[in-house]
Amino acid sequence: MTSYAVVIPTLVRDTLADCLAALAAATGPRPGEIVLVDDRTDPGPGQLEHPLSVLGDLRGRTTVLGGGGRGPAAARNTGLRAVTAPWTVFLDDDVQVGPHWCDQLAEDLAEASPDIAGVQGVIAVPLPGERRPTDWERGTAGLARAHWITSDMAYRTETLKQVGGFDERFRRAFREDADLALRVLDSGWRIRQGSRTTRHPVHPASRWESVRQQRGNADDALMRHLHGPDWWDKAVAPRGRIRTHAAITTAGVAACALAAAGHGRAATACALGWAAGTAEFARARIALGPRTRHEVTTMVATSVLIPPTATWHRLTGAWRHRHARSWQDEVTP
């Protein structure tokens, strides 16, 4: 049996105890090491006592490190530096591995040929069966189709160190996993889908969460610099609506500027373009959901805010990372 370590970055959310309890209960070869990276900027005393207590006999194999609040990419690198096992398995602190996960993982690693550097787990997102899913639920369900996500991802430890680990410029849990996978693939390795299953529940979120998530557009700008304009295709990632968002935002800004300059007719035309684009965006989101009053009002309000927010973050990301080069150029002396 190939030994492995489990690395879990965490902000010590309520989900952590369930994550660790599921890992402790899974049947099969146990992890040789568990590295828990507490990435809170100001860790509170005693908050880890309960989550660690559910590990049972795995508690003695568990190391807790401080991440310093630098984001999940940096936290995973902190955990990686402490690993001595040949395989490192990354889990997020809001997932629950399946009851036979350790057995299935052992099979996944045993079946990995020498040219395979990574084996991805199968992510299952439970959705309500009695109604259509909300926008937030649909977004979470997209994780089941995503490539190389670190909700459950195993890599050869030495390969990760050879490619430099995660790029710590990705400060959010977004695109840092795709960036790492593309660097691994570009280095001549392969990544395959495994058979082990991990459950990712839909956790409660603010109705404004979709607006906050637009910060990820700054990371998309970095991905373009690192992996080229076709990085979407390389990463098998949906392109999203950033171009449409930019057009809607431009129409809105132009309407305000033209109105202030006294060009009423042109301002009206631009305002109508903004309204039509915003209405189409809201309608598309509402049509897929449960259409309750709360969901409809949330979709309308956030559909107004998302285009300018997404555009702003994309522009600021492009400026912030304007000097970034392709990853091959950055590793060349």
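Guide: Helices α11 and α12 make a left-handed crossing. That means the near helix is turned anticlockwise from the far one by less than a right angle; clockwise would be right-handed. Helices here are DSSP runs (H or I, at least four residues), numbered from the N terminus. On the α11 side, the contact (heavy atoms within 4.5 Å) includes His 245, Ile 248, Leu 258 and Ala 259. On the α12 side, it includes Ala 266, Cys 270, Trp 274, Thr 278 and Phe 281. By class there are 12 nonpolar, 5 polar and no charged residues. Nonpolar covers Ala, Val, Leu, Ile, Met, Phe, Trp, Tyr, Cys and Pro; charged covers Asp, Glu, Lys and Arg; the others, Gly among them, are polar.

A word on the source. This is a predicted model, where local features need pLDDT of at least 70 and side-chain atom pairs pLDDT 80 or more, while totals for chains, interfaces and linings use all residues. Residues count from 1 along each chain as its sequence is written, and side-chain values use heavy atoms, without hydrogens or water.

Now the geometry. α11 spans residues 242-260, and its axis comes within 8 Å of that of α12, crossing at roughly 150°. Axes are lines fitted to C-alpha atoms over the stretch in contact, with angles from 0 to 180 degrees between N-to-C directions. The two helices are therefore roughly antiparallel. Under 35 degrees counts as roughly parallel, over 145 as roughly antiparallel, 65 to 115 as roughly perpendicular, and the rest as oblique.

Follow α12 (residues 264-287) to α13 (residues 293-320): they pack at about 135°, axes 9 Å apart. That makes α12 oblique to α13. This crossing is right-handed. The contact has 10 nonpolar, 3 polar and 1 charged residues.

α13 kinks by about 35° at Ile 306, shortly before Pro 307. The bend is the angle between axes fitted to the seven residues ending there and the seven starting there.

Further along, α13 meets α9 (residues 216-227), the axes coming within 7 Å and crossing at roughly 40°. They are therefore oblique. The crossing is right-handed.
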